[in-house]
Amino acid sequence: RPSQQCSAAAAEDGDDYERPCPWIPGKKKKKKITCLAICLIASPILILLVSRRGSPFPSMSGWASPSRMYASKGSKRDVLMGGLLVPGLDERTCASRYSSAMYRKNTARSPCRHLVKRLREQEALQRRCGPGTAAYWRAAERLGSRRNGTAGADDEGCKYLVLVPYRGLGNRMLAMASAFLYAMLTGRALLVDRGESLADLFCEPFPGTSWLLPPEFPIKNLQDLTGEAPESYRNLVQSDRPATSVSELPYVFVDLDHGCTYHDKLFYCDDERHFLHRAPWLLMRTDGYFPPALFLNPAYQDELDRLFPRKDSVFYLLAHYLLHPTNKVWGLITRFYDSYLRDSDERLGIQVRVFDGDTPFKHILDQITACTSQERLLPEVVEQEPSSFPAPAAAATAARSKAVLMTGLNSWYYDNIRSRYWQSPTATGEVVRVHQPSHEEHQLSGSTTHDMKAMAEMYLLSMTDAIVTSGWSTFGYVGHGLGGLSPWVMFKPENLTTPDPPCRRAVSMEPCLHGPPFYDCRVKRGADTGKLVPHVRHCEDMSWGLKLVHPE
């Protein structure tokens with residue numbers, strides 16, 4: 001035990017303060033102890049406030065911070081989708097990146113380690129070669145001067161894929177996911193033509209760089225390029241030019257429109273390592289989803305098998321990595337979901353696309369009701385009212401609720417389905433509420449406001465528990481693909497007649513390739529490409545189309 005007497009030396013030394021005893025606090029220590037006591041008293045109150053649900057300290061963006069979301073889900077891995085996304089990006093600029101997973105009950109598929117590794121490598125490539133870097137400006141300068149393409153092909157190891165997506169928003173989203181996969185397979189940095197509304201719809205997917213093609217890009221009027229261009233892949237194949245001649249071109253243009261020619265589709269068989277690798281710039285115009293064709297190319301099969309052990313998860317994983325709604329669009333999505341869908345016991349999406357004009361048709365309404373009835377997705381209605389009604393409190397607790405989200409350009413189908421469940425009770429006692437966010441009447445592709453509503457509705461469809469979609473519709477493909485849902489597909493009517501059966505459950509959640517190749521890359525002759533490998537089959541809604549499935 002220390003001495004209870006303090007030394008008098010301090011006073012003799014003439015110090016202005018008393019030297020404290022080892023165990024008796026001096027004046028400064030008294031102040032420290034007082035501060036410590038205040039902190040100890042206040043800390044339980046602070047802990048209580050911070051740990052409360054509905055914390056009074058909202059994040060600046062208006063959405064929950066990633067740390068709160070990790071806690072609510074129980075695992076950081078859930079928000080990052082098993083490593084698909086990288087942590088640490090500013091959520092204030094893109095709230096949907098980390099919070100979209102919280103609006104779905106389950107993650108349908110998780111990425112494998114090899115896919116996560118390749119995504120990190122692609123991000124590094126995008127940062128090294130993307131807009132604003134010295135490598136990009138040198139490559140763009142050579143392209144503008146139309147100098148020999150090979151001269152700078154190895155400059156920083158940078159090669160480029162410039163995507164020109166077009167048609168409706170569903171088409172463009174499918175095209176972006178497809179081009180991104182091709183860029184990963186071939187070691188190219190992906191740049192996307194921004195068009196009229198791309199920057200208003202999607203967050204930047206790559207950390208520390210942009211995927212938007214700079215306005216100063218030397219090749220103008222990209223939307224006007226066709227397969228007739230002298231730099232097109234079609235002309236290279238038709239003229240039977242040697243591979244070395246590719247290096248003489250400033251770029252190679254690939255036209256993958258759903259109606260492209262036989263020679264355009266030979267691109268799907270091209271071994272990039274022996275031909276197109278000579279072109280530092282590859283320009284691609286497409287309006288659809290083409291990964292099924294890549295799975296038929298022997299040059300990519302081994303890598304694709306490592307990237308996607310589950311063959312029916314390609315679009316789901318690529319889209320959740322790449323396509324994040326901007327805060328403006330995310331606000332449309334979350335406000336509608338919280339107002340109309342969140343509190344229901346079950347949510348059903350019904351996506352209606354009519355290809356015979358904007359006028360509503362009764363045979364399509366009959367198809368919707370027949371499909372949802374036969375597949376037991378919606379309850380039947382009865383004409384006779386019940387003899388007695390429960391008290392409001394009892395009805396609220398006993399009745400199971402089902403929210404129906406309908407999307408389409410016309411409100412007539414929504415009005416009829418809603419009236420059906422308003423005017424008559426259900427046979428099961430369920431409460432059915434029908435909602436439609438918008439009805440634009442006409443498709444206005446390229447209009448920013450129209451595209452924002454379309455994107456919001458595709459994401460809302462992905463947040464349902466089950467979904468019915470219209471055959472041939474890329475809008476529907478994106479909706480069920482984002483949600484990881486195998487849809488009930490309504491067949492395209494013929495002769496204004498309701499198909500029988502009205503719909504069929506799809507074998508996978510993958511979109512359909514509408515313009516597939518009919519050529520076997522291995523034996524180099526025509527073939528039924530839906531029968532070459534077990535994981536590529538014909539689509540339910542389009543007999544000649546191709547889609548990825550996971551063979552059981």
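Over the ring of which residue does the charged end of Arg 505 sit? The charged end of Arg 505 lies over the ring of Trp 488, 4.0 Å from its centre. A charge is counted as sitting over a ring if NZ of Lys or CZ of Arg is within 6 Å of the ring centre and within 35 degrees of the ring normal. Arg 353 is likewise placed over the face of Phe 355, at 4.7 Å from the ring centre.

## Basis of the description

This is a predicted model, in which local features need pLDDT of at least 70 and side-chain atom pairs count only at pLDDT 80 or more, while totals for chains, interfaces and linings use all residues. Residues are numbered from 1 along each chain as its sequence is written, and side-chain values use heavy atoms, with hydrogens and water left out.

## The nonpolar cores

A nonpolar core is a set of buried Ala, Val, Leu, Ile, Met, Phe, Trp, Tyr and Cys residues joined through side-chain atoms within 4.5 Å. Buried means under 20% relative accessible area, exposed over 50%, and partly exposed in between (1.4 Å probe, protein chains only). The largest nonpolar core has 102 residues, and those touching the most other members are Met 176, Leu 181, Tyr 182, Phe 202, Trp 211, Phe 267 and Phe 308. Helix α8 (residues 169-186) contributes the most to this core, with twelve residues. Domain 1 (91-147 + 154-309) and domain 2 (327-381 + 398-548) both supply residues, so this core lies between them; the domain bounds come from an automatic or database domain assignment. Another core, of 24 residues, lies apart from it and has Met 406, Tyr 413, Val 432 and Val 468 among its members.

Beyond its neighbours within four places in sequence, Phe 202 is in contact (heavy atoms within 4.5 Å) with residues including Leu 169, Met 173, Met 176, Trp 211 and Met 455.

Helices (H or I, at least four residues) and strands (E, at least two) are DSSP runs, numbered from the N terminus. In helix α14 (residues 314-322), nine of the nine residues are buried, so the helix is largely enclosed by the rest of the structure. Its buried residues pack against α6 (113-129), α8, α12 (291-294), α20 (474-483) and β14 (546-548).

Strand β4 (residues 281-286) has six of its six residues buried, so it too is largely enclosed by the rest of the structure. In a regular strand the side chains alternate between the two faces of the sheet. On one side of β4 are Trp 281, Leu 283 and Arg 285, on the other Leu 282, Met 284 and Thr 286, and all are buried. Two strands pair if DSSP finds at least two bridges between them. Strand β1 (residues 160-165) runs parallel to β4, joined by six bridges, and Pro 165 has Thr 286 as its bridge partner. Strand β3 (residues 252-256) also pairs with β4 in the parallel sense, over five bridges, with Val 254 opposite Met 284.

## Aromatic pairs

Rings of Phe, Tyr and Trp (its six-membered ring) pair if their centres lie within 6.5 Å; planes under 30 degrees apart count as stacked, over 60 as edge-to-face and the rest as tilted. The whole structure holds 22 aromatic pairs. The ring centres of Tyr 136 and Trp 281 are 6.2 Å apart and their planes stand at 75 degrees, so this pair is edge-to-face. Tyr 136 belongs to helix α7 (residues 134-145) and Trp 281 to strand β4, 145 residues apart.

The rings of Tyr 268 and Phe 290 have centres 6.0 Å apart and planes at 45 degrees, so this pair is tilted. Both residues are buried. Tyr 268 and Phe 290 also belong to one aromatic cluster with Tyr 182, Tyr 233, Phe 267 and Tyr 300.
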